[in-house]
Amino acid sequence: MSNPILAAALSLALAALPLAASAQSAAQATPAADAAAKPGMPEGRELSRLFLAGDTAAVWARMAAPMREGLGDVGALAQFRAQLARELGEEQSVLDEQAVEQSGLRIYLRVARWSKVPMPIVMQWAVDGDGKVQGFFVRPQPETAPSPHLGYQTKAHLRLPFDGAWYVFWGGHDISRNYHAAVRGQRFAYDLVKRVDGSSHRGDGKALEDYYCWNQPILAPADAKVLEAVDGLPDQAIGTRNPEAVAGNHVMLDLGHGEYAMLAHMRQGSVAVKAGQQVAAGDELGRCGNSGNTSEPHLHFHLQDAPEFGEGDGLPAFFEHYTADGKAVERGEPVQGQTIAPMAPAGSD
């Protein structure tokens, strides 16, 4: 696909969120009638119909102010639609539809075949409680990045980087379970949140403090040397991002054996370590926040084989002595949809 259309597609990913894990894993098993009743499905289908039909004025009328500011005017949206027609052709068939509520938004994702390109094309809409479009993109469906480390076994002895129970929002070796898998350096990365009754937040989730993982301690996963510690970046309000500082406040650790751990999106002012410092497994590195390019408070964690973020290849992370959905795991890789927690030491209450 040509660079101009990629640039245009990405220019519309203004407030778009990754599709929530629950919908990603369950969509194909959901009967059509049930899917149609899901929040976000009817309006996502209608917005897609209007956009594909070229009625960009009707779509523009439903866009929130940040989207309008990002685009400039309705003419830019019309030009984008026309460019898609030139580069991709027209939608031929829908392969999959998904809808989910996340961070106070109703999110609809549609995967379809288009007439001029061989790869599937993804269209996503994010709509708020007032029916306004807060996010929209059209782009090629991502592919799993190649990796020289598919059979790798972690050499460091890793504990989970937190106490208590957390939910694996993204995690696994393939795109369907882990959207990070499209990026070489984050090939086996995790996004982790805390959930209560199936939700990551209280109430409408508009305030950072509504999120159960907000300000929770983030711990060193192993004995390590701190290579980099970044603090001072603001926590993003829900619905905003900082793409200029993707990782936000973060810590990079040297675990030895050519293994490096990245822990990102920490709360402003909470990072408790400095470059050059030695830490022990379980030491507090900082607090969970919402700094950087993030849709809601969460911990991003991954291993890589290079000491600088954005370089090298990702490594699988095998944790030790934890529970997954209440079952003991002596050593393993958590996957999307599991609730995981450090295993209590023998003899403890």
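A residue is buried at under 20% relative accessible area, exposed at over 50% and partly exposed in between, taken with a 1.4 Å probe over protein chains only.

**Overall view: the chain as a whole in a predicted model.** The model is predicted, with local features needing pLDDT of at least 70 and side-chain atom pairs pLDDT 80 or more, while totals for chains, interfaces and linings use all residues. Numbering starts from 1 along each chain as written, and side-chain values rest on heavy atoms, without hydrogens or water. The protein chain contains seven helices and 17 strands (DSSP runs numbered from the N terminus: H or I of at least four residues for helices, E of at least two for strands). Among the contacts (heavy atoms within 4.5 Å) made in the protein chain between residues at least 6 apart in sequence, 64% join residues at least 24 apart.

Close-up 1: Strand β3, which covers residues 121-127, runs antiparallel to β4 and is joined to β4 by seven bridges. Within this part of the view, Ala 126 can be found opposite Gly 135 of β4.

**Close-up 2: the largest nonpolar core and a second one apart from it.** A nonpolar core is a set of buried Ala, Val, Leu, Ile, Met, Phe, Trp, Tyr and Cys residues joined through side-chain atoms within 4.5 Å. The largest core has 36 residues, and those touching the most other members are Leu 192, Leu 253, Leu 255, Leu 263, Leu 285 and Phe 301. Two or more residues come from each of the strands β5 (166-170), β6 (190-193), β8 (224-230), β9 (249-256), β10 (259-266), β13 (299-304) and β15 (319-324). When neighbours within four places in sequence are set aside, the contacts of Leu 255 are with Ala 156, Leu 158, Ala 222, Asp 223, Ala 224, Ala 261 and Leu 303. Another core lies apart from this one and holds 26 residues, including Phe 80, Leu 88, Tyr 108 and Val 117.

Close-up 3: Strands β8 and β9 run antiparallel and are joined by five bridges, with Lys 225 standing opposite Asp 254 of β9. Strands β9 and β10 also run antiparallel, joined by six bridges, and here Met 252 stands opposite Met 262 of β10. In the hairpin of β9 and β10, two residues lie between the strands, and His 257 takes a positive phi near 60°.

Close-up 4: The structure holds ten salt bridges, each being a side-chain nitrogen of Lys or Arg within 4 Å of a carboxyl oxygen of Asp or Glu. One of them pairs Arg 81 with Glu 90, whose closest N and O atoms are 2.6 Å apart; Arg 81 counts as buried, at 7% relative accessibility, whereas Glu 90 is partly exposed, at 34%. Another joins Glu 284 to Arg 287 with the closest N and O atoms 2.8 Å apart, and here Glu 284 is partly exposed at 32%, as is Arg 287 at 25%. A further salt bridge connects Glu 320 and Arg 331, with 3.3 Å between the closest N and O atoms. This pair links distant parts of the chain, because Glu 320 belongs to strand β15 and Arg 331 to strand β16 (residues 327-332), eleven residues apart. Glu 320 counts as buried at 15% relative accessibility, while Arg 331, at 35%, counts as partly exposed. Elsewhere, salt bridges that share partners join Arg 45, Glu 91, Glu 97 and Arg 110 into one network.

Note on methods
Two strands pair if DSSP finds at least two bridges between them.
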